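Try each task before you read its solution.

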Amino acid sequence: MNRRKLFHWMALSGISGAGGLAWAATPVAPKGGAIEKLTLTDEQWKKKLSAVQYQVLRHEATEAPFSSPLNDEKRKGVYQCAGCQLPLFRSEMKYDSKTGWPSFYLTLPGVFGLRTDFKLIFPRTEYHCIRCGGHHGHVFDDGPKPSGKRYCNNGVALSFEPDPKT
């Protein structure tokens, strides 16, 4: 196993080099180098995002289940962060978890930071865009092979870019 695969596996497993999950930024940069951070003021985020996107991405709200049109998206393409357009998932990584939210079993390398969320009393691992810090959802250990992970994503936190027709 090379170092890149090890770090990606660590990210999928919720393991950080610091020994915890508090903002354990995945230490794998995507092709092209490091991801430049996007920092906006609260007022700028309010202007950039819809009201529901703002609540989900900036205040860790959760959209209603089965409300996202992306649940039914079947085309080939890339799912991006709605806050900063960072590519997060390929369509091949998506599956129907029957939970009501777009779900993925794998992410593109180095695109999320992880932290522990205790809002429902028991700990859950939430993930945030590494570029803009936007909240996307929670990762669970009940997904399909090969990763066994379920990245349960708020649909409003995503945009979809279909592959060009060839």
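Buried means under 20% relative accessible area, exposed means over 50%, and partly exposed lies in between (1.4 Å probe, protein chains only). This is a predicted model, in which local features need pLDDT of at least 70 and side-chain atom pairs count only at pLDDT 80 or more, while totals for chains, interfaces and linings use all residues. Residues are numbered from 1 along each chain as its sequence is written, and side-chain values use heavy atoms, with hydrogens and water left out.

**Exercise 1. The overall picture**

Task: Find how many helices and strands the protein has, and what share of its residues is buried.

Solution: 
- Start with the elements: helices (H or I, at least four residues) and strands (E, at least two) are DSSP runs, numbered from the N terminus.
- The protein has 3 helices and 10 strands.
- Next, turn to burial: 46% of the 166 residues count as buried.
- Finally, look at contacts, meaning heavy atoms within 4.5 Å. Of the contacts between residues at least 6 apart in sequence, 57% join residues at least 24 apart.

**Exercise 2. A helix and its cover**

Task: Work out which residues of α3 are buried and what covers them.

Solution: 
- The buried residues of α3 are Q53, Y54, V56 and L57.
- An α-helix has 3.6 residues a turn, so residues three or four places apart point the same way.
- The cover over these buried residues includes α2 (42–48) and β8 (135–140).
- After α3 comes E60, which has a positive phi near 60°.

**Exercise 3. Salt bridges**

Task: Count the salt bridges, then decide whether K149 and D141 are buried or exposed.

Solution: 
- Begin with the idea: side chains of opposite charge can pair when their charged atoms come close.
- Here a salt bridge is a side-chain nitrogen of Lys or Arg within 4 Å of a carboxyl oxygen of Asp or Glu. This rule gives 12 salt bridges.
- One of them joins K149 and D141, whose closest N and O atoms are 2.3 Å apart. K149 is buried at 10% relative accessible area, whereas D141 is exposed at 64%.
- Another pairs R150 with D142 at 2.8 Å, N to O. R150 is buried at 10%, and D142 is partly exposed at 48%.
- Salt bridges with shared partners also link K76, R90, E92 and D163 into one network.
- E92 sits in the loop between β3 (87–90) and β4 (94–95), and K76 in the loop between α3 (51–59) and β2 (77–81), so the pair ties together parts 16 residues apart in sequence.
- E92 is partly exposed at 38%, while K76 is exposed at 52%.

**Exercise 4. The surroundings of C152**

Task: Locate C152 and list what it touches.

Solution: 
- C152 belongs to strand β9 (residues 150–153).
- With a relative accessibility of 11%, C152 is buried.
- Leaving out residues up to four places away in sequence, C152 touches T99, W101, P102, S103, Y127, H136, G137, H138 and F140.
- Now compare sequence with space: C152 and S97 are 55 residues apart in sequence, and their C-alpha atoms are 8.5 Å apart.
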